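Dear colleague,

Please find the structure below for your records. My notes on it follow.

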Amino acid sequence: HKDAMVIFRKLSALGIPSTMGRQEKIFSSAEASDTLAFINGLNSPHDKSKVKEALIGTYFDKNIDEIAEMETGSTLNLWQEKFREWRDSISINGFIKTMHDALEFQDEINKENFYLRSIKMPGGERKITNVLHVIELVHSSVRSQRGTAKDIYDKISALITEENESDEYLIRLDSDSDTVKIMTIHAAKGLEFPIVFMAGGL
């Protein structure tokens with residue numbers, strides 16, 4: 001499994017679309033962890049370290065240099081105010097609307113929204129699929145109550161740590177067949193492919 005992840009990341013870095021033959025759990029993904037970090041930032045918009053951690057993650061993809069530049073001016077303060085708005089919106093408008101507002105957010109402090117930025121990156125379609133899947137499952141878990149950002153944080157934390165074998169908690173497979181399929185010999189048993197490369201030692 002570790003070797004497969006290495007290959008997956010190398011192919012992604014080269015812009016070559018690939019999928020893992022084994023379906024992993026969505027709440028074991030980087031997108032789930034970054035969703036938790038984002039909600040944690042909403043819980044504590046006064047805490048610059050938590051807001052910066054959320055900005056570096058999947059939702060906004062800011063790098064260290066961009067974060068440092070924010071701190072020299074007023075941009076980080078503007079982000080903190082935006083996080084306050086989203087925190088309050090969860091209680092007023094609900095979780096899923098707030099999350100979609102955040103994904104579509106684009107203005108002078110965020111030149112490209114999540115979708116525009118992700119689609120241009122290697123593995124961007126997978127990132128979008130995973131983020132929307134996480135949001136959908138969390139929404140299904142909390143839609144019967146109008147909770148706070150803290151309630152959402154606790155729910156995502158529980159989903160990340162619990163063992164759930166339901167198929168809906170597995171990462172969704174890409175519908176596009178024009179990708180490199182990465183799988184173990186055991187998982188590939190009985191399958192046929194026109195071209196096969198074997199990686200690693202036997």
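In which helix do Trp79 and Phe83 both lie, and how many residues apart? Both lie in helix α5 (residues 75-93), four residues apart, which is about one turn of the helix; helices (H or I, at least four residues) are DSSP runs numbered from the N terminus.

This is a predicted model, in which local features need pLDDT of at least 70, side-chain atom pairs count only at pLDDT 80 or more, and totals for chains, interfaces and linings use all residues. Residues are numbered from 1 along each chain as its sequence is written, and side-chain values use heavy atoms, with hydrogens and water left out.

The structure holds 13 aromatic pairs. Rings of Phe, Tyr and Trp (its six-membered ring) pair if their centres lie within 6.5 Å; planes under 30 degrees apart count as stacked, over 60 as edge-to-face and the rest as tilted. The ring centres of Trp79 and Phe83 are 6.3 Å apart and their planes stand at 80 degrees, so this pair is edge-to-face. Trp79 is buried, with a relative accessible area of 0%, and Phe83 is buried, also with 0%; buried means under 20% relative accessible area (1.4 Å probe, protein chains only).

Trp79 also forms an edge-to-face pair with Phe105, at 5.6 Å centre to centre and 80 degrees between the planes. This pair links distant parts of the chain, since Phe105 is in the loop between α6 (95-103) and α7 (114-119), 26 residues apart from Trp79. Phe105 is buried as well. One aromatic cluster includes Trp79, Phe83 and Phe105, with Trp86 among the other members.

How values were computed
Helix = DSSP H or I, 4+ residues; strand = E, 2+ residues; numbered from the N terminus. Buried < 20%, exposed > 50% of the residue type's maximum accessible area, 1.4 Å probe, protein only.
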